[in-house]
Amino acid sequence: MRTQVAIIGAGPAGLLLSHLLHLQGIESVVLETRSRDEIESTIRAGVLEQGTMDILNETGVGARMRAEGALHHGFELAFDGRRHRIDLTELTGKAITVYAQHEVIKDLVAARLEAGARMLFGVRDVALHGVDTDRPHVTFTRDGAEERIDADFIAGCDGFHGVTRPALPQEGRNDYQRVYPFGWFGILVEAPPSAPELIYARHERGFALVSTRSPTVQRMYFQCDPKDNVDNWSDDRIWAELHARLENRDGWQVTEGKIFQKNIVAMRSFVSTPMQSGRLFLAGDAAHIVPPTGAKGMNLAVSDVRLLAAGLDAFYRRGSAELLDRYTDDALKRIWRAEYFSWWMTSMLHTFADASPFQREVQRAELENVVSSRALSTALAENYVGAF
Ligand code: FAD
Ligand code: DHB
């Protein structure tokens, strides 16, 4: 099989890249190890920045997001028994949409299939060859038979545990990493929303986040031991923990409901550079990870592929490799700002077991500063909506 761009991975990065390239008249094939059902049902992120909403709308895949997603103009920071609103729209002129990542995936898969895209699900043994030549190729097995795709370029969109990052030359690589000593316990609940906007709460017992998915399904998270097991958490224990962490002087309470999904996510910050070598380019989680506080993961994947699609467009349309050559440098500017923001939000809102009483007081003072200074609230809001 021959194509212009072989895309490894059908997450938000791979699918959106394939969609953008199609709109630019560039052919691609997407290879994915999981089934279509699996990628369309895995629960992950939920917050789309303004720039992500804009690109989905501009490229014709935003209709369901506009109809079913919830546009939010602010969120709340809760600490010391009080809630403080950050008015995103007043501070930045922008907003966010709460719309689940797997719904974005469904919309992109539907658009690609309607356009006659080649997407191969359930492939195995994906291996890259000749990435430092002008004729790279990918081998894989499908239904037990070995197959091969010859391409001009390979896009590594296969997430943190994929095969494309290890295929980059090891010499000259720099990996930056921080692993956090906690994770997030996530639940999906059948209940009406507890509040009109998201609530990020700091409490001595640990961080908690109240988010939403629809008028009838809610998403909530609380800081936990990353090695804990969901089986240790009965529904009653989960509600008791959430009530304790979200207790509030105004009497507001989280609304309970039937918990129908529980999972634990480990947390790390990670950046691997350079994001390219020869004809191989990485995008999204394949190249970098952020802790989920601040909801940047999926949005960063989108901003990477936007740059990569522009670089490939310049290459095919004008024969210019300039943007492709600069891809890592251009992408890293945004990535490091998001790494900083996610680290900052994580540090400000979570409980660190080894924090001294001094550090705990300074952490509270920082939150106090953020909610009482318009300048700091604006900086937080700009980062949250991705206003740069
Ligand atoms: P992915 O979505 O990981 O997609 C990569 C795809 O490549 C996958 O479908 C995978 O099956 C496929 N693949 C892997 N290896 C191969 C291979 N060898 N060959 C072919 N295909 C391959 N972010 C938030 O902001 N908030 C959250 O609450 C949140 N929760 C998360 C929970 C989990 C469990 C994880 C893993 C991530 C979470 N994230 C969250 C981060 C966010 O979901 C990611 O940043 C986003 O999915 C990145 O998109 P991507 O396309 O780069 O990678
Ligand atoms: C969600 C996830 C996040 O990481 C976040 O900061 C806000 C909301 C969510 O899944 O709804």
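Visitor: How many bridges join strand E5 to strand E14, and which way do the two run?

Guide: Strands pair if DSSP finds at least two bridges between them, and a strand here is a DSSP run of E, at least two residues, numbered from the N terminus. In this predicted model, E5 (residues 74-79) and E14 (residues 199-201) run parallel, joined by three bridges. Glu76 has Ile199 of E14 as its bridge partner.

Visitor: Which sheet has E5 and E14 in it?

Guide: An open sheet of eight strands, in the order E6-E5-E14-E15-E16-E13-E17-E20, with mixed pairing. Its edge strands, E6 (82-87) and E20 (288-289), each pair on one side only.

Visitor: What do E10 and E11 form?

Guide: A hairpin, with two residues between the strands. Strands E10 (residues 137-142) and E11 (residues 145-150) run antiparallel and share six bridges. Val138 sits opposite Ile149 in E11, and in the turn Asp143 has a positive phi of about 50°.

Visitor: How many of the chain's residues are buried?

Guide: A residue counts as buried if 20 or more other C-beta atoms, placed from the backbone, lie within 10 Å of its own; 12 or fewer makes it exposed, and in between is partly exposed. Here 42% of the 388 residues are buried.

Visitor: And how are residues numbered, and which ones count?

Guide: Numbering starts from 1 along each chain as its sequence is written, with chains lettered from A and ligands numbered from 1 in the order in which they are written. As the model is predicted, local features need pLDDT of at least 70 and side-chain atom pairs count only at pLDDT 80 or more, while totals for chains, interfaces and linings use all residues.

How values were computed
Helices (H or I, at least four residues) and strands (E, at least two) are DSSP runs, numbered from the N terminus.
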